Amino acid sequence: MDHLCYKCQTSIDETLPFCPHCGAPQIRVASPEDDASPQTPQYSSDTPPHLVTPSTWPAGAQSQGPRASAIQWELALKGALLSGLGAAVLTAMPVMGLGCCLWLLGAGALAVWLYQRRVPGTIVTPGMGMRIGAVAGAIGYVATTIWTVLRFASNSQEFRTAMQEQMDKSLATNPDPRAQEIMRQFMGNLNTPQGLATFFVLILAIMGVVFVIFSAAGGALGASMFARRRDFR
């Protein structure tokens, strides 16, 4: 096709970049109809959110419904601190301390529940709940350790006396001479400062494992329970 040169008005071939008569450059601007605009897939407003895939979302649209995401620890730590300290207080009480494992399970579940309250619309998976619960257990363990160390430092002699009484009862009920000899050696080591410190550190290590494992299990169970309740709604 031919067109007119804008300078000399001579009819020239549109494929030529310059006019062969006057040498003026031929500038062509594409019309809006020539631009192929990408078609954005549409979906009905009545389509359930779980049937809408990312390939059918309009540009800039976001999926509806809760989504799993990374843990926002600045919010999760607040609930973990509250639940961990609560479990530590219940464990330190004379009678309530008998159910320490239950308090730790509850602390993990409570930490997950408080986190979901602070971050609505977020799915907490069992793995996320386990990590949140483990942090709550670690906080409870630290608080319990501080209380135990302070109590032990002020009543170390009372602790030795209680252990000696318990050992005497065990010796009286166990007729095995070998077992009695082992118990006597244990009490002999326990009466020394090094033996008492080693025994105390061992107890604290076992207590730390129990705190973290049970609270992590409580967090995973709590996340699963809350997810099922949300699905039933």
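Colleague: Cys5 first: buried or exposed?
Modeller: Cys5 is buried, because its relative accessibility is 0%. Buried means under 20% relative accessible area, exposed over 50% and partly exposed in between, with a 1.4 Å probe and protein chains only. Bear in mind that this is a predicted model, where local features need pLDDT of at least 70, side-chain atom pairs count only at pLDDT 80 or more, and totals for chains, interfaces and linings use all residues. Residues are numbered from 1 along each chain as its sequence is written, and side-chain values use heavy atoms, leaving out hydrogens and water.

Colleague: And how many disulfides are there?
Modeller: Zero in the whole structure, taking a disulfide as a pair of cysteine sulfur atoms within 2.5 Å.

Colleague: How do α1 and α3 pack?
Modeller: Helix α1 (residues 73-92) and helix α3 (residues 126-154) pack at about 45°, with axes 7 Å apart. Axes are lines fitted to C-alpha atoms, for helices over the stretch in contact, and angles run from 0 to 180 degrees between N-to-C directions. That makes α1 oblique to α3: under 35 degrees is roughly parallel, over 145 roughly antiparallel, 65 to 115 roughly perpendicular, and the rest oblique.

Colleague: Which residues make the contact?
Modeller: Among them are Ala80, Gly84 and Ala88 of α1, and Ile132, Ala136 and Gly140 of α3. Contact means heavy atoms within 4.5 Å.

Colleague: Tell me about Gly140, then. What does it touch?
Modeller: Leaving aside neighbours within four places in sequence, Gly140 is in contact with Gly84, Ala88 and Phe211. The C-alpha atoms of Gly140 and Ala88 are separated by 4.9 Å, though the two residues are 52 apart along the chain. Gly140 also counts as buried, because its relative accessibility is 1%.

Colleague: And what share of the chain is buried?
Modeller: 28% of the 233 residues.

Notes:
Helices (H or I, at least four residues) and strands (E, at least two) are DSSP runs, numbered from the N terminus.
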